[in-house]
Amino acid sequence: MTNRIRDIRKAKGLTLADLAAACQPPTTAQTIGRLETGMRQLSLGWMNKIAAALGVEPASLMRAETAAPAQIVADLTASGPQALTNPREALAPSALAEGDGPPPLVLAVTESVGEYRPGDLVWLRPLDPDALQSAINRDCLVPKPGGRFAFGRLIDRRGSLVGLLPPGAGQKQVVVDNPPWVAVAFMLVRAL
């Protein structure tokens with residue numbers, strides 16, 4: 001068995017130092033690097049500590065040697081695809097969505113709306129009400145009375161009012177008063 005710490009850390013946009021600081025108690029970037037590369041034994045205690053810091057299940061940190069994961073072989077930049085010296089593992093959406101909080105929500109797109117195309121899956125993570133400010137200018141799903149929803153760019157929050165700008169052209173701002181939760185988009189899955 002090999003570990004997937006580096007792949008999950010990079011997929012979540014964290015540096016070695018970020019992950020080390022997120023551990024409880026905090027550790028050093030050098031220790032995380034040694035655990036990633038196998039230079040230091042990954043004990044059950046370290047597995048639990050790192051999984052908690054990454055917000056994933058401990059079992060997702062391991063993979064069988066026989067498994068052949070999908071590989072990221074290039075980064076697409078404005079000047080074209082740039083080959084990676086060391087390909088890295090492409091994580092399945094479920095691996096990125098794991099964590100201690102509420103399970104993610106998925107919005108299925110059935111018609112073209114703004115930048116979204118039919119068949120797109122928009123993955124959303126419910127936010128703590130105190131963290132709502134971090135979702136400004138990001139696409140969010142908000143429940144409305146009567147079992148309906150509002151979806152769009154979070155553009156305003158005043159007291160209990162939440163303002164969204166729907167993704168379709170020419171649509172007006174939608175205001176929801178005191179929604180029980182707000183979920184922010186964190187991943188778009190699009191089949192080609």
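**Exercise 1. Find which residue follows helix α4 and describe its phi.**

Solution. Helix α4 is followed by Gly55. The phi of Gly55 is positive, near 75 degrees. Helices here are DSSP runs of H or I with at least four residues, strands are runs of E with at least two, and both are numbered from the N terminus. The model is predicted: local features need pLDDT of at least 70, side-chain atom pairs count only at pLDDT 80 or more, and totals for chains, interfaces and linings use all residues. Residues are numbered from 1 along each chain as its sequence is written, and side-chain values use heavy atoms, leaving out hydrogens and water.

**Exercise 2. State which residues of α4 are buried and where they lie on the helix.**

Solution. Helix α4 covers residues 44-54. Its buried residues (under 20% relative accessible area, 1.4 Å probe, protein chains only) are Trp46, Met47, Ile50, Ala51, Ala53 and Leu54. Viewed down the axis of α4, these buried residues fall within an arc of 160 degrees, so they line one face of the helix. The arc is taken from the directions from the helix axis to the C-beta atoms.

**Exercise 3. Give the strand order of the open sheet and name its edge strands.**

Solution. The order of the 7 strands is β5-β6-β11-β7-β8-β9-β10, with antiparallel pairing. Two strands pair if DSSP finds at least two bridges between them. The edge strands, β5 (105-108) and β10 (174-177), each pair on one side only. Between β7 (residues 139-144) and β11 (residues 183-189) there are 2 bridges. Leu141 has Ala183 in β11 as its bridge partner.

How values were computed: Buried < 20%, exposed > 50% of the residue type's maximum accessible area, 1.4 Å probe, protein only.
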